[in-house]
Amino acid sequence: MTSSSFFMSSELSLKSMLLAAVVLLASWCRPCHAEPLEITPFHTFNQSPLVQIYGLPAAESAVVQPAGKGWTLLAVDVANSYLKRETAREELFLDGEGERITLALRYGVASRMELGMDLPLVAYNGGVFDGFIEDWHEFFGLPQGQRPGAPKGGLGFAYARDGRQRLEMDEAGLRVGDLRFTGGWQLYNDGGDNPVALALRGSLKVPTGSSSRLTGSGGTDMALWLTGSSDYALPGKWGHATIFAAGGGLATSDGQVLKEQRRNLVGFGTLGFGWSPADSFALKAQLSGHSAFYRDSEFSELSSGAMQAVFGGTVAFSPRTTLDIALSEDVTVGASPDVALHLGMGHRF
C-alpha cells in the first residue's frame, strides 16, 4: 500500500468513526437509570503544542467527590495544527498532529474535600486529519487558512527570532507528559434535585515530561480557579438543563520552551450549557479561553489569547459510566488547533 493510499484509507476510517459517534449520541435516548444525568464541562483544554505543555486546567465539575467515593477518567485528545507565519524578524511554523492520553483520578478524602492526579501521555506525528479538516471547513464555510496546497502528513514545530532558532521539534513518538496533582473544596452545594454548586479547585503541575520533545514545559505550574453550575428542571418531558462556568489564574515558571518570552501569569475561563432530554443522553457546548502565554512577538498566535468552541455530548452507559464525545474549533484562528477531537470515558466508584 502506498503512503497516499494509507492516509486516504485512514481519513475515511476516521470520518466513519466520527459519523458512528454522532449516530450513537443521537440514538442513545432510552433511559438507562432513574437518576438524572449530571451535566459537567468537557474535560479538555487548548491542545496547541505550545500551550498544552503548561498547567492550563479543564473547568471540571462544580461538585467534588463525596467522602469515600471516586471518579476516574480515560481521556483522548487528538488535535491537528497547521500554521506558517514569517516577518523580517520572526518565523513560526506549526505542522503536525498531537495525541494526548490522560488518566485522571479524583477521590473524596473528606465531606467537602477531593484530591486527585492526572497522568498524561503525549504523542506527535504527521497524522491523518489534514484532509478531513479541509473537508470540514469547506462543508461549514469556515476559513481554510494556509491549509490548501500545503503538504499532507507533515510534522514540524519551529520558531526563530532575530536569526536565532529558539524552538525546533520534528521527532515523532509517545512520551510521558507533565504530571498534575489536583484538589477541590466544596464551597456550596444546596443538595437539591437540581443543584446549585460552587467549588474552589487547584492544581500543581510538575516537570516529568520532556521540554525538547514538547511533552512538558520543563517548569512547575500552579492553577487556582472557581467552578460553578446551576441545574434547572424543564417542564413536561424535556428533561433538565445546566449552565456551568469557571474562571481562574495560572502561575508558571519560565520553563525551557521560549522562556525569554514567557508570561508567568495567565487567566482562563469557561462558559457552557448542557441539555439532557433523557437520563442517558446530554448535548453540551462550551466556550473556553485564556490569555496569552507569550509576549514580544508580532504574531497574534503567540502574543494574544485563545478562544475555542467545544460542542458534543455525553452518553451514559450505566449510572456510573459515561462517555463524552466532542469536537472543538478555534474561534481565534491559529492560537489553538484548527480542529480537535475529545473522547472521555468516565467511571464513578
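Here are some notes on the model above, point by point.

1. **Ground rules.** This is a predicted model, in which local features need pLDDT of at least 70 and side-chain atom pairs count only at pLDDT 80 or more, while totals for chains, interfaces and linings use all residues. Residues are numbered from 1 along each chain as its sequence is written, and side-chain values use heavy atoms, with hydrogens and water left out.

2. **The chain as a whole.** The protein chain has three helices and 15 strands (DSSP runs numbered from the N terminus: H or I of at least four residues for helices, E of at least two for strands). Of its 349 residues, 51% count as buried (buried is under 20% relative accessible area, exposed is over 50%, and partly exposed is in between, with a 1.4 Å probe and protein chains only). Among contacts with a separation of 6 or more, 66% are between residues 24 or more positions apart (a contact means heavy atoms within 4.5 Å). The accessible surface is about 15,400 Å², and carbon and sulfur atoms own 63% of that surface (Shrake-Rupley method, 1.4 Å probe; for residues, only the protein chains shown count as cover).

3. **The main core.** In the largest nonpolar core there are 29 residues, and Leu92, Leu214, Val257, Phe293 and Tyr294 touch the most other members (such a core is a set of buried Ala, Val, Leu, Ile, Met, Phe, Trp, Tyr and Cys residues joined through side-chain atoms within 4.5 Å). Apart from it lies another core, of five residues, including Leu37, Ile39, Phe244 and Ala316. As background, nonpolar side chains tend to be buried together in soluble globular proteins.

4. **Leu92 and Glu301.** Setting aside residues up to four places away in sequence, leucine 92 touches Leu50, Leu83, Lys84, Arg85, Ala158, Tyr159, Phe299, Glu301 and Leu302. Glutamate 301 belongs to helix H3 and counts as buried, because its relative accessibility is 14%. The side chain of glutamate 301 makes a polar contact of 2.8 Å with that of arginine 85 (a pair of N or O atoms within 3.5 Å; within protein, one must be able to donate a hydrogen and the other to accept it, and residues adjacent in sequence count only if both atoms are side-chain atoms). With residues up to four places away again left out, glutamate 301 also touches Val333, Gly334 and Ala335, among others.

5. The structure holds seven aromatic pairs (rings of Phe, Tyr and Trp, the last by its six-membered ring, pair if their centres lie within 6.5 Å; planes under 30 degrees apart are stacked, over 60 edge-to-face, the rest tilted). Tyrosine 54 and phenylalanine 293 are stacked, because their ring centres are 5.2 Å apart and their planes are at 20°. Tyrosine 54 lies in the loop between helix H1 (3–27) and strand S1 (70–86), and phenylalanine 293 in the loop between strand S12 (281–290) and helix H3 (300–303), so this pair ties together parts 239 residues apart in sequence. Tyrosine 54 is buried at 0% relative accessibility, and phenylalanine 293 is buried at 2%. Together with Tyr294, these two form one aromatic cluster.

6. **Charges over rings.** The charged end of arginine 262 sits over the ring of tyrosine 294, 5.9 Å from its centre, and that of lysine 284 over the ring of phenylalanine 42, at 4.4 Å (NZ of Lys or CZ of Arg within 6 Å of the ring centre and within 35 degrees of the ring normal).

7. **Two backbone spots to check by eye.** Leucine 214, which is not a glycine, has a positive phi near 60°. Leucine 214 is in the loop between strand S8 (196–206) and S9, and is buried at 0% relative accessibility. Aspartate 162 also has a positive phi, of about 50°. Aspartate 162 is in the loop between S4 and S5 and is partly exposed at 45%.

8. **Trp185.** Tryptophan 185 lies in strand S7 (residues 179–189) and is partly exposed, with a relative accessible area of 37%. Leaving aside neighbours within four places in sequence, tryptophan 185 is in contact with Val64, Arg112, Met113, Leu198, Ala199 and Leu200.
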